[in-house]
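This briefing goes through one protein chain by topic. Please keep the sequence and the 3D view open while reading.

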Amino acid sequence: MPYQLEEIMAFFSVIIPLYNKEYFIKDTLKSAINQTFTDFEIIIINDGSTDDSYNIVNSFNDDRICIINQENRGLCASRNTGIKNAKGKFIAFLDADDLWMEDFLETIYHLINIHKEYDVFATNVKLLPPNKTPILIVEAFDTKLKTVITNYFELCKNILGPSSLVLNKSVFETVGYFDESINYGEEDDFYIRCFSVYSLLYYKGFKTYYRTGLQNQLTAPNKNFVRKIPDYERYLKNSDHPDLKKFIDFVHYRLVVLFKMEKNYKLVTFYKQKIDASNLTNVQKIKYYLPTDLFYIIKRAYIWFSKRVIHS
């Protein structure tokens, strides 16, 4: 049975927000339990699941697991609940449909020990399409794959995900928690606050799997999902960071692509007007300028073709 949270201290606190992930949570939880580094607790926040998710996680017999049940409040609130109940010095996030390779925590532990002066750590992420089998085996830690990123905003590309991110718990006292008033783009909102203050110690090897092509993914186009998106531009008012505008343009560009796939012409126009196109790459500029209907047709054709190649 799950332990009482106050009875244990751990190096890592693994936080798993859970809402209706019955088809994935078993494998996700196994990938956490099977870590080669074992000094951790697992805090599962069951955010009002209505499927069999709770019964699945409750069936695990591991003293490191604690389940917190709450009414449905959303991803940000679930993460915040986990952080506030965590006993570990370092917070590791794991979304309920993602997977860790067996040495993910061990890799982060090496990074922490090598560079004790840093507080934010991450590894690279590998995409996991449907019907593909993940390889979770251990690969030796390679010091040549670690790097310090002092200016996250200048990258303007996705090099990490929430499930590959580990932070000293003190970071939240400095930059704040996840914004519970939003339900989309919460990671970028947090990254802006976090990387305005902290550097990132990054491991370029793949240690996390991010599932793609899931029907109920919040990041997928869905006309029926009412998104509460952050006002990223508010951060520009009190920041003199030379690359923050460029990063926010990148975030807005991704929203333009999303809303083109939803054929939401109003929001496509709204976010395009916020972007300085000179901050985009040439490929991004093509997607930015393509008319919505043409972009949609090309993207759908690409998705169709990709699925045929993947399944062939």
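In this predicted model, T123 touches F104, T107, I108, I159, L160, S164, Y202, Y203, G205, K207 and T208, with residues up to four places away in sequence left out of the count. T123 belongs to strand β6, which covers residues 120-128. Its relative accessible area is 0%, so T123 is buried.

**Overall fold**

- The chain is built from 10 helices and nine strands. Its radius of gyration is 20 Å, close to the 20 Å that the globule rule gives for 312 residues, so the chain is as compact as a globular protein of that length.
- Taken along the principal axes, the C-alpha atoms fill a box of roughly 55 × 45 × 40 Å.
- Of the 312 residues in the chain, 50% are buried.
- When contacts between residues at least 6 apart in sequence are considered, 81% of them join residues at least 24 apart.

**Helix α3**

- Helix α3 spans residues 75-85 and is mostly covered, with eight of its 11 residues buried.
- The buried residues of α3 are C76, A77, S78, R79, N80, T81, G82 and I83.
- These buried residues pack against the strands β1 (12-18), β2 (40-47), β3 (65-70) and β4 (90-93), and also against the helices α5 (170-175) and α6 (186-195).
- R79, one of the buried residues of α3, has its charged end over the ring of F93, 5.9 Å from the ring centre.
- The charged end of K84 sits over the ring of Y177, at 5.0 Å from the centre of that ring.

**Cysteines**

- How many disulfides does the structure hold? The number is zero.
- C76 takes part in no disulfide, and the nearest cysteine sulfur, that of C194, is 15 Å away. C194 is likewise in no disulfide, and its nearest cysteine sulfur is that of C76, 15 Å away.
- C194 counts as buried at 1% relative accessibility.
- C156 lies in the loop between β7 and β8. Although C156 is not a glycine, its phi is positive, at about 55 degrees. C156 is buried, with a relative accessible area of 11%.

**Aromatic residues**

- There are 26 aromatic pairs in the structure.
- One of these pairs is formed by F153 and F247, with 5.3 Å from centre to centre and 50 degrees between the planes, and it is classed as tilted.
- The F153 and F247 pair links distant parts of the chain, 94 residues apart. F153 is in the loop between β7 (146-149) and β8 (165-168), whereas F247 is in helix α7 (residues 244-261).
- Are F153 and F247 buried or exposed? F153 is buried, with a relative accessible area of 0%, and F247 is buried as well, with a value of 2%.
- One aromatic cluster is made up of F11, F12, F37, F90, Y109 and F121.

**Loop residues**

- Y19 is located in the loop between β1 and α1 (25-33). Its relative accessible area is 39%, so Y19 counts as partly exposed.
- Which residues does Y19 contact, leaving aside its neighbours within four places in sequence? Y19 is in contact with D47, G48, S49 and N72.
- From C-alpha to C-alpha, Y19 and T143 are 37 Å apart in space, and 124 residues separate them in sequence.
- N131 is placed in the loop between β6 and β7. N131 has a phi near 70 degrees, a positive value in a residue other than glycine. With 69% relative accessibility, N131 counts as exposed.

Note on methods. Residues numbered from 1 in each chain as written. Predicted model: local features only at pLDDT ≥ 70, side-chain atom pairs only at ≥ 80, totals over all residues. Heavy atoms only, no water. Disulfide = S-S within 2.5 Å. Buried < 20%, exposed > 50% of the residue type's maximum accessible area, 1.4 Å probe, protein only. Phe/Tyr/Trp six-rings, centres within 6.5 Å; stacked < 30°, edge-to-face > 60°. Helix = DSSP H or I, 4+ residues; strand = E, 2+ residues; numbered from the N terminus. Lys NZ or Arg CZ within 6 Å of the ring centre and 35° of its normal. Contact = heavy atoms within 4.5 Å. Rg over C-alpha atoms; globule rule 2.2 N^0.38 Å.
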